[in-house]
Amino acid sequence: MEKLIIDGGRPLNGRIKVDGMKNVASAVLFASIVTRGVCTIENLPNIKEVSVTLDILRTIGAKVSVIDESTVVLDTSSVENVHVPEELISKIRASYYLAGAMLARFKETEMGFPGGCDFGKRPIDQHIKAFRALGAEAYTDGEHISARAPHGLTGAEIYFDCVTVGGTINAMIAAVGAEGMTVINNAAREPHIVDLANFLNTCGAHISGAGTSVIKVRGGELHGCTYDIIPDMLEAGTYMVAAAATHGSVYIDGIIPKHISSISKKLMEMGVNITEFDDGVLVSAPNELKSTNIETMPYPGFPTDMQPLMAVLMCLAKGVGSINETIYDDRFRYVEELKRMGAHINLLGSRRAEIIGGYPLTPAAVRAVDLRAGAAMTVAALATPGRTEIDDIYHLERGYSDLVGKLKSLGASIKKIDYTNL
Ligand code: EPU
């Protein structure tokens, strides 16, 4: 068992480089199953989510060569349709891409239910709907996923009833293994969707429209390739908020500024100075911040994954702000933890929070209740003079590579301790 010990109240200053995007890394790794070839994947983040994905791929017979901490060579030619232990599948959310990839390759899949952060209900009915549209008999009982298409998959029109990142990705992966043209309507438009399409197209797929709400996929044979994952806009956003919350000045390197546009604009509304460069952004906050209102939306709207971090900034800002969470039913569980640090937040139902800024935060013993909640608690601790301890940090390790090292390099006093035997 590990926790973070943070002596906060120091401005973060310096430069950090963002790693590859968590939310596409696993999608690309699972999609490599469909290629039956050798893929070299570069700029992978060094996070638990990726190591679990590689463990799953090894279990089904892929040859995985780890070249360095951000590069793997995957040979999926010898992959077999074997059972993966449910305990492994349930460690991450992205494991559901195994279903789309196995269905595309073997026309059959049977697996446990994915895990990931707990935000209340996270159904996968739209994934099942997509598999069925392609001609598979597909079911889930909330504990297992099964899909089989004994006569093969056939290209079809898929209409999503809600905008779903995972559903869009799974539909794209499965559709590559279908005969003919698939049209995915009401598709998610996140940069990760575009990146997965670029990976598949580099492997010989014919996908157009990724980044719009209508994606066309023509099925066909794929081959291996070398591919570089795009930078993680949410890791970038996390360090942007950390710089602002500590009134520091941080240059965040290796990003695609367009991807963080909604985050930059909100921070600017709050009084944060943002200067964009070709592949970097300089964030500083010399002055007092003012609060704002946020409504989470699918891309290009404000990302739900950034709302816990923005809540911390709003606690530190002047005035009353609000967050309207439109994506998930139960994403305010971190509020209890922030309240332990003296935050003044009123929950108005399960999807709306009113944040009364200007009350100083005080150090406390808190928990990371999920991945981005853990990042939010880390930023709160960095901005708060005194010693804060954050427990349950395994959530953070699923999604942030070298968080402690990167924050230390910016001048933070932060350490991780193992208290298992204390
Ligand atoms: N939804 C359905 N049915 C479905 C699929 C989704 O009703 O079949 C609903 C969900 O319940 C939710 C909404 O649609 O209310 C959006 O869910 P989506 O499918 O877009 O989310 P996801 O694919 O499960 C990914 C990221 C999340 C991120 C969301 C939204 C991964 C592994 N996870 O989840 O990332 O919050 O998209 O952008 O890519 C994180 O990084 O911290 C994280 C939680």
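**Strands, sheet, cysteines and pocket**

Modeller: Strand β7 (residues 137–140) and strand β8 (residues 144–148) run antiparallel and are joined by 4 bridges. This is a predicted model, in which local features need pLDDT of at least 70 and side-chain atom pairs count only at pLDDT 80 or more, whereas totals for chains, interfaces and linings use all residues. Residues are numbered from 1 along each chain as its sequence is written, and side-chain values use heavy atoms, with hydrogens and water left out.

Biologist: What makes β7 and β8 a pair?

Modeller: Two strands pair if DSSP finds at least two bridges between them. Here there are 4 bridges, so β7 and β8 pair. A strand is a DSSP run of E of at least two residues, and a helix is a run of H or I of at least four, both numbered from the N terminus. Within this pair, A138 stands opposite A147 in β8. The hairpin has 3 residues between the strands, and G142 takes a positive phi near 85°.

Biologist: Why are β23 and β25 called edge strands?

Modeller: The open sheet of 4 strands has the order β23-β24-β1-β25, with mixed pairing. Both β23 (365–367) and β25 (413–418) are edge strands, as each pairs on one side only. β23 pairs with strand β24 (residues 386–391) in the parallel sense over 3 bridges, and R367 stands opposite D391 in β24.

Biologist: Why is C315 called buried?

Modeller: Buried means under 20% relative accessible area, exposed over 50%, and partly exposed in between (1.4 Å probe, protein chains only). C315 has 1% relative accessibility, so C315 counts as buried. C225, with a relative accessible area of 9%, is therefore buried as well.

Biologist: Which residues lie nearest the centre of the largest pocket?

Modeller: They are R122, V165, G166, I327 and Y328, among 44 lining residues. On a 1 Å grid over the protein atoms alone, a pocket is an open set of points where a 1.4 Å probe fits, with protein on both sides within 12 Å along at least five of seven lines; lining residues have an atom within 4 Å of a point.
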